[in-house]
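Here is a short report on one protein model. Look at the structure first, then read on.

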Amino acid sequence: MQVTEVDWSEVEKKVAKEAFDRAYQREINALLEEVRQRASTIVELRDMWQLHDFLSARRHEIDGKYDYRYSVLIFVFAGLVKEGWLDINELAGLQKDKLTKVAALARM
C-alpha cells in the first residue's frame, strides 16, 4: 500500500490533528519570540525591511510545511519530528505501520 493511499481511522485522525496542532503552535510560539527579539533591535529602516523579508520567508516555509491532507501527513509528521517540533511519542495511537514510516523518514 502506498503512503498516499493509507486510510486513517477516527482515532488516528484525532491523534493526528492534536499532534499537528501542537507542533504548529510550538513553531508559531518560537517564531513570535524570535520576532519580538528581532523587532526590539530595529534601529533603522534597513532593519525593518530585513525583518519583513525574514517574516515573508518564514510565512512561505510554514504555509508549505503544515499541510493537513491525509495523503501527505506521514511526510509532514516526519519533517516535524526531524525538526524537533514534534516528538514521535506524541503520535502514539497511530497504527504501527504509520509510526514506522514516520520514524524512518525522520531519520533520513
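## A buried glutamate

Glu27 is found in helix α1. Helices here are DSSP runs (H or I, at least four residues), numbered from the N terminus. Is Glu27 buried or exposed? Glu27 has a relative accessible area of 1%, so Glu27 is buried. Buried means under 20% relative accessible area, exposed means over 50%, and partly exposed lies in between (1.4 Å probe, protein chains only).

Which residues does Glu27 touch? Leaving aside neighbours within four places in sequence, its contacts are Arg58, Glu61, Ile62, Lys65, Tyr66, Glu83 and Trp85. Contact means heavy atoms within 4.5 Å.

## How to read the model

This is a predicted model: local features need pLDDT of at least 70, side-chain atom pairs count only at pLDDT 80 or more, and totals for chains, interfaces and linings use all residues. Residues are numbered from 1 along each chain as its sequence is written, and side-chain values use heavy atoms, with hydrogens and water left out.

## Another residue of α1

Arg22 also lies in helix α1. Arg22 counts as partly exposed, because its relative accessibility is 32%. Arg22 and Trp85 are 63 residues apart along the chain. Their C-alpha atoms are separated by 8.3 Å.

## Aromatic rings

The structure holds five aromatic pairs. Rings of Phe, Tyr and Trp (its six-membered ring) pair if their centres lie within 6.5 Å; planes under 30 degrees apart count as stacked, over 60 as edge-to-face, and the rest as tilted. Take Phe20 and Tyr68: the ring centres are 4.9 Å apart and the planes stand at 70°, so this pair is edge-to-face. Phe20 lies in helix α1, and Tyr68 in the loop between α2 (45–65) and α3, so the pair ties together parts that are 48 residues apart in sequence. Phe20 is buried, at 7% relative accessibility. Tyr68 is partly exposed, at 23%.

Tyr68 also pairs with Tyr70, edge-to-face, at 5.3 Å centre to centre and 65° between the planes. Tyr70 is partly exposed, at 29% relative accessibility. Trp8, Phe20, Tyr24, Tyr66, Tyr68 and Tyr70 form one aromatic cluster.

## Charges over rings

Lys17 lies over the face of Tyr68, 5.1 Å from the ring centre. Arg38 lies over the face of Phe54, 3.8 Å from the ring centre. A charge sits over a ring if NZ of Lys or CZ of Arg is within 6 Å of the ring centre and within 35 degrees of the ring normal.

## The nonpolar core

The largest nonpolar core has 25 residues. Such a core is a set of buried Ala, Val, Leu, Ile, Met, Phe, Trp, Tyr and Cys residues joined through side-chain atoms within 4.5 Å. Helices α1, α2, α3 and α4 each supply at least two residues of this core. The largest share, eight residues, comes from α1.

Trp8, Leu73, Phe77, Leu80, Leu86, Leu91 and Val102 have the most contacts inside the core. Trp8 is in contact with residues including Leu73, Phe77 and Lys98, leaving aside neighbours within four places in sequence.

Which residues of α4 are buried? They are Lys98, Val102 and Ala106. These residues cover an arc of only 65° around the axis, so they sit on the same side of α4. The arc is that of the directions from the helix axis to the C-beta atoms. An α-helix has 3.6 residues a turn, so residues three or four places apart point the same way.

On the other side of α4, Lys96 and Arg107 are exposed. What covers the buried residues of α4 includes α1 (10–39) and α3 (73–83).
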